[in-house]
Amino acid sequence: MVKSKVSQKPPLAHLKQVPLRTYWEREDFDFTPWLSQPDNISLLGAAVGLDLEVEAREKNVGIFRADILCKDQTDHSWVVIENQLERTDHAHLGQLLTYAAGLDAITIIWVAQSFTEEHRAALDWLNTVTDSAINFFGLEMELWQIADSPLAPKFNVVSQPNHWRKIIAKVKTGSLSSSQQKFLEFWQGFHSFLEHQPIGLKVTNPTTRNWLSSTINRSHFNLYLTVYPKTQIVSVGIWLSGSHKDVYFQVLQNVQDEIEKEIGHALEWNLNQSQTSHALLLRAACVEFSDLSQREVLYKQLYELAVTFHQVFDVRIEQLNTAELPIADEKI
């Protein structure tokens with residue numbers, strides 16, 4: 001009789017959820033300062049697909065104070081964040097709308113321990129009836145622990161804007177301009193083109209603008225694909241933003257020859273002190289934007305440029321080290 005061997009594996013630990021107030025006693029003195037830290041606001045930003053930088057805590061709005069005011073580093077628009085360590089309530093919903101109006105924010109994020117169905121539905125309704133430029137997010141905050149491990153935070157998105165639905169609504173009502181309609185059709189075709197390519201390229205949803213962005217795994221760096229129909233130019237570029245953009249730009253420019261050799265082309269190293277972003281661009285002449293028979297050529301050109309940029313820049317940007325350089329004392 002053959003005895004089977006029993007594999008000696010360590011026992012599995014249990015994952016348990018911990019109440020938020022176990023770690024944060026108060027929203028204003030504990031949770032808001034924690035969330036305002038760069039690593040933590042990046043964690044929240046990753047949950048909603050935004051590159052956020054904190055501008056102010058407890059920002060005055062008349063007689064009220066918004067918990068956190070951020071800038072979206074992609075387009076430099078205002079983002080207001082309201083926090084709760086409990087279940088959502090009507091008072092915070094009202095405050096959220098007041099802060100958004102008073103601060104001219106176009107992105108509104110409500111963070112709470114849990115959302116009532118009524119408040120989740122309210123955010124869904126706001127995303128439906130507001131302009132496509134206005135975005136409401138609802139996030140439930142959780143803390144998890146394995147055995148005696150350190151607590152781990154987790155954000156769950158329970159409500160978010162449906163940009164596609166808003167764009168379709170504009171198409172149906174005929175409120176898109178001719179150029180917006182062309183850009184929307186162009187990027188829809190590009191998304192379809194990407195589905196059949198060997199190397200995956202993640203880009204933002206089709207839009208009515210002349211650009212799309214692609215994620216790079218570090219805050220304050222974004223890759224943009226842009227089409228300029230009038231000048232017959234397409235460009236792919238890395239945009240640097242944030243308070244350390246000058247230093248990061250310098251670190252990359254120190255190896256400019258090496259980067260351009262790998263890209264296979266010279267880049268435009270756009271360092272403009274009057275701007276909030278700097279850019280490393282590769283531009284190329286494109287085929288006629290409106291010529292449907294030539295779109296595959298243009299899609300292929302954009303795709304290959306974007307893939308090359310990712311291959312050359314992703315690891316470099318992730319490993320950027322500014323320790324040996326002076327950090328510019330700069331604020332967006």
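1. The structure is a predicted model, and its confidence should be read before its details. The mean pLDDT of the protein is 84, with 89% of its residues at 70 or more. Over residues 326–332, however, pLDDT stays under 50, although the model has 20 contacts there beyond four places in sequence.

2. Strand β3, which covers residues 64–72, has 7 of its 9 residues buried, so the strand is largely enclosed by the rest of the structure. Buried here stands for a relative accessible area under 20%.

3. Strand β3 pairs with strand β2 (residues 52–61) in the antiparallel sense, over 8 bridges, and within this pairing Glu53 stands opposite Lys71 of β3. Strand β3 also runs antiparallel to strand β4 (residues 77–83), to which 5 bridges join it, and here the bridge partner of Ile68 is Ile81 in β4.

4. Helix α8 (residues 256–263) and helix α9 (residues 295–318) have axes that come within 9 Å and cross at roughly 145 degrees. From α8, the residues Glu258, Ile259, Glu262 and Ile263 take part in the contact, and they meet Thr308, Phe309, Val312, Phe313 and Arg316 of α9. Sorted by class, the contact of α8 with α9 has 5 nonpolar residues, 1 polar residue and 3 charged residues.

Key: Residues numbered from 1 in each chain as written. Predicted model: local features only at pLDDT ≥ 70, side-chain atom pairs only at ≥ 80, totals over all residues. Heavy atoms only, no water. Buried < 20%, exposed > 50% of the residue type's maximum accessible area, 1.4 Å probe, protein only. Helix = DSSP H or I, 4+ residues; strand = E, 2+ residues; numbered from the N terminus. Pairing = 2+ DSSP bridges. pLDDT = per-residue confidence, 0-100. Contact = heavy atoms within 4.5 Å. Axes fitted to C-alpha atoms, helices over the stretch in contact; angles between N-to-C directions. Nonpolar A, V, L, I, M, F, W, Y, C, P; charged D, E, K, R; others polar.
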